[in-house]
Amino acid sequence: MTEVPPYLPPTGQEIVFLLLGVVAVGSALLVVTTKQVVHAALWLVVCFGALAGCYLLLTAEFVAWVQVLIYVGAIVVLLLFGIMLTRAPIGRTADLDSRNRPAAAIVAIATAGVLVTVVIDGFRAAYAPLEAGGGSAKELGSSIFRNWVLPFEVLSILLLAALIGAIVLSRTDIRGRD
């Protein structure tokens, strides 16, 4: 384990990373608090873009471009198509409010407090110097298919099950047995 260096003033890279993190957290909060679904999808684009910027700063260019192409390019477009095809209400709708905001806020703050405490306690003395090229496609593919092949395959089966479930739920010609 490497020794933790003494306090160093933040570098420009660290300041930009912090600013991108603030943008990501702020836009993520707006995703879940806005009352308009389309605005939530657009704030999600901002959040994913900020995360891609963080990946670029961490020298993980391949992961950053996958973030932009897959999440911003495909997932958000799929979400917007889903909103349009289901004829979901675009504007504010009072009947979608469950009036559980105080309880949800308390649970969210408690969960955030626990997560922040665990992360700070777990990584207090951790120091990992950044090295260029750690996010290349070769290293990432090697790590996924050497060390993480079982979780990768379990995730693919889970996504397949979710896709089949979504198809079954969306079909209207299937009737239950009475």
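The following conversation goes through some labels given to this predicted model and the values behind them.

Colleague: What should I know about the model before we start?

Modeller: The model is predicted, so local features need pLDDT of at least 70 and side-chain atom pairs count only at pLDDT 80 or more, while totals for chains, interfaces and linings use all residues. Residues are numbered from 1 along each chain as its sequence is written, and side-chain values use heavy atoms, with hydrogens and water left out.

Colleague: Why is the pair of F48 and Y71 called tilted?

Modeller: Rings of Phe, Tyr and Trp (its six-membered ring) pair if their centres lie within 6.5 Å, and planes under 30 degrees apart count as stacked, over 60 as edge-to-face and the rest as tilted. The ring centres of F48 and Y71 are 5.3 Å apart and their planes stand at 50°, so the pair is tilted. The count by this rule is one aromatic pair.

Colleague: What makes this pair a tie between parts apart in sequence?

Modeller: F48 belongs to helix α2 (residues 37-57) and Y71 to helix α3 (residues 61-85), so the pair ties together parts that are 23 residues apart in sequence. Helices here are DSSP runs (H or I, at least four residues), numbered from the N terminus.

Colleague: How do you know whether F48 is buried or exposed, and what does Y71 count as?

Modeller: Buried means under 20% relative accessible area, exposed over 50%, and partly exposed in between, with a 1.4 Å probe and protein chains only. F48 has a relative accessible area of 14% and is therefore buried, whereas Y71, at 37%, counts as partly exposed.

Colleague: What does the UniProt record say about residues 40-58?

Modeller: The unreviewed UniProt entry annotates several spans as "transmembrane region", among them residues 40-58; positions are given in the numbering used here, feature names are shortened, and annotations may be inferred rather than shown by experiment. In the model, the end C-alpha atoms of residues 40-58 lie 27 Å apart, and the span is 95% helix and 0% strand.

Definitions and conventions. Helices (H or I, at least four residues) and strands (E, at least two) are DSSP runs, numbered from the N terminus.
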